[in-house]
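These are my notebook entries on one protein chain. I set out to look up its sheets, its helix packing and a few local details.

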Amino acid sequence: MSATPRIGVVGAGSLGYHHIRILRETPNVDFTGFSETNAERAAKVSEELGTPNHSLDNLIEASDALTIVVPTPLHFEIAKAALARGKHVFIEKPITVTLEQADELLHLAERNGCIIQIGHVERFNQAVRAALPYIADARFIESERLAGFNPRGSDVAVVLDLMIHDIDLILTLVSSPAASISAVGVPVLTPTLDIANARITFESGAVANITSSRISRDRVRKIRIFQKSGYISLDLAAGRGDYFRLKSDLNLEELTAAPLNMLQIVDHVSLTAPEGEPLRLEFESFVEALAGRAPVTVTGQDGRRALDIALRIVKEIERTAPSIASGSAPHISA
């Protein structure tokens with residue numbers, strides 16, 4: 001592959017549109033176009049962005065790598081077709097529907113010398129990038145991701161649609177296998193889970209509490225991290241964060257003598273990192289990996305680990321509420 005990889009996009013929906021928009025103007029990329037089976041949507045995107053729509057077969061042939069932005073149930077089929085022809089792939093999260101599918105893609109990529117990168121875009125969030133240098137032995141993590149209902153992504157449970165973002169972040173922060181999981185969830189507007197909460201205990205002793213909803217009035221994307229050195233609060237939607245830690249010159253005798261204002265005993269660090277559109281940074285990292293100048297930021301194995309935890313959460317919810325396993329949503333009266 002040349003220093004300027006040929007990259008195409010499979011899927012031109014709401015997120016695929018932004019893949020196309022960014023990749024067509026990304027330096028050191030030869031953008032080869034997109035493939036979209038919905039003729040009306042394809043014509044609209046082609047006209048707006050001035051780029052051609054191809055058949056999937058022709059796009060695979062014309063490209064060195066593809067970004068796959070189609071409904072989750074189609075990830076496996078399209079990625080497999082590309083990897084079988086020696087093409088690198090960027091797959092939007094989750095990697096696949098099942099672990100067996102993920103394993104087959106990972107094996108195929110290894111056999112054909114291909115890269116798989118997974119679209120866990122929160123790794124590139126400004127707040128996350130700012131916080132990473134301060135993370136040290138996180139002991140308790142609490143995340144909250146709430147959104148209004150959007151049909152896009154509702155073909156899978158909210159655990160695979162939204163919660164998996166936080167699962168990937170937490171696995172990155174904790175770096176320990178999950179020992180046990182308890183979870184609860186409810187389908188409200190769709191046949192699959194629309195709101196869920198999970199508590200994960202890791203072998204290291206760390207604990208994570210995760211809540212995700214796609215039927216909320218307010219939009220919230222926050223994560224709080226407690227560790228021995230202090231407390232980190234991140235607002236992922238705003239891309240900013242704060243770190244509170246005990247002052248190094250604290251006099252413990254004074255601390256126990258009388259009540260003190262919190263700011264008298266802690267240092268407040270405003271967490272900052274260079275600005276940048278997360279999706280654009282994500283693609284830049286993919287291009288660097290394709291060129292061999294940097295490792296893959298979010299590997300296929302990372303995607304598999306996040307999927308494994310997500311499926312364990314869904315299984316635990318189904319175990320404790322067998323009626324949910326049938327896929328039937330409760331009746332909602334007008």
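**Entry 1. Two packed helices.** I began with the definition that I needed: an axis is a line fitted to C-alpha atoms, for a helix over the stretch in contact, and an angle between axes is taken between N-to-C directions, from 0 to 180 degrees. I also noted that the model is predicted. Two packed helices are described by the angle between their axes and the distance between the axes.

I looked up helix α4, residues 75-84, and helix α5, residues 99-112. Their axes come within 9 Å and cross at roughly 15°. Angles under 35 degrees count as roughly parallel, and α4 is therefore roughly parallel to α5. The crossing of α4 past α5 is left-handed.

Next I asked which residues of α4 and α5 meet. On the α4 side I found F76, A79, K80, L83 and A84. On the α5 side they meet Q101, E104, L105, L108, A109 and N112. Sorted by class, this contact of α4 with α5 holds seven nonpolar, two polar and two charged residues.

Entry 2. I then turned to α1 and to helix α2, which covers residues 39-49. Here the axes come within 11 Å and cross at roughly 30°. The angle makes α1 roughly parallel to α2. In this pair, α1 passes α2 in a right-handed crossing.

From α1, the residues S14, Y17, I20 and R21 take part in the contact. From α2, I listed R41, V45, E48 and L49. The classes in the contact of α1 with α2 are four nonpolar, one polar and three charged residues.

**Entry 3. The sheet of five strands.** In what order do the five strands of the open sheet stand? I read the order as β2-β1-β3-β4-β5, with parallel pairing. The edges are taken by β2 (30-35) and β5 (116-119); each has a single partner strand, so one side of each is left without a neighbour in the sheet. From one strand to the next, the twist averages 20°.

I followed one pairing in detail. Strand β4, residues 88-92, is joined to β5 by four bridges, and the two run parallel. Within this pairing, F90 has Q117 of β5 as its bridge partner.

I also checked for a helix lying across these strands. Helix α10, residues 278-290, lies across β1 (6-10), β3 (65-68), β4 and β5. Its direction is at about 155° to β4.

**Entry 4. The sheet of eight strands.** Another open sheet has eight strands, in the order β7-β8-β9-β6-β10-β11-β12-β13. The pairing in this sheet is mixed. At its edges I found β7 (178-186) and β13 (266-271), each of which pairs on one side only. The twist in this sheet averages 10° from one strand to the next.

How do β6 and β10 run, parallel or antiparallel? Strand β6 (residues 138-146) and strand β10 (residues 220-227) are antiparallel, and eight bridges join them. Opposite E142 stands R224 in β10.

Two helices are recorded here against strands of this sheet. Helix α7, residues 158-174, lies across β6, β8 (195-202), β9 (207-213) and β10, at about 155° to β9. Helix α11, residues 300-320, lies across β7 and β8, at about 55° to β7.

**Entry 5. A salt bridge.** I counted a salt bridge where a side-chain nitrogen of Lys or Arg is within 4 Å of a carboxyl oxygen of Asp or Glu. By this rule the count is 23 salt bridges. One of them joins the side chains of E277 and R21, at 2.6 Å from N to O. This pair links distant parts of the chain, 256 residues apart. E277 is in the loop between β13 and α10, whereas R21 is in helix α1, residues 14-23.

**Entry 6. Backbone details.** Where is P94 placed? I located P94 in the loop between β4 and α5. The peptide bond that joins K93 and P94 is cis, with omega at about -15°.

I also looked for positive phi in residues other than glycine. N28 has a phi near 60° and lies in the loop between α1 and β2. S175, which is not a glycine either, has a positive phi of about 55°. S175 sits in the loop between α7 and β7.

Terms used
Residues are numbered from 1 along each chain as its sequence is written. This is a predicted model: local features need pLDDT of at least 70, side-chain atom pairs count only at pLDDT 80 or more; totals for chains, interfaces and linings use all residues. Side-chain values use heavy atoms; hydrogens and water are left out. Two strands pair if DSSP finds at least two bridges between them. Contact means heavy atoms within 4.5 Å. Angles under 35 degrees count as roughly parallel, over 145 as roughly antiparallel, 65 to 115 as roughly perpendicular and the rest as oblique. A crossing is left-handed if the near helix is turned anticlockwise from the far one by less than a right angle, and right-handed if clockwise. Ala, Val, Leu, Ile, Met, Phe, Trp, Tyr, Cys and Pro count as nonpolar, Asp, Glu, Lys and Arg as charged, and the others, Gly among them, as polar.
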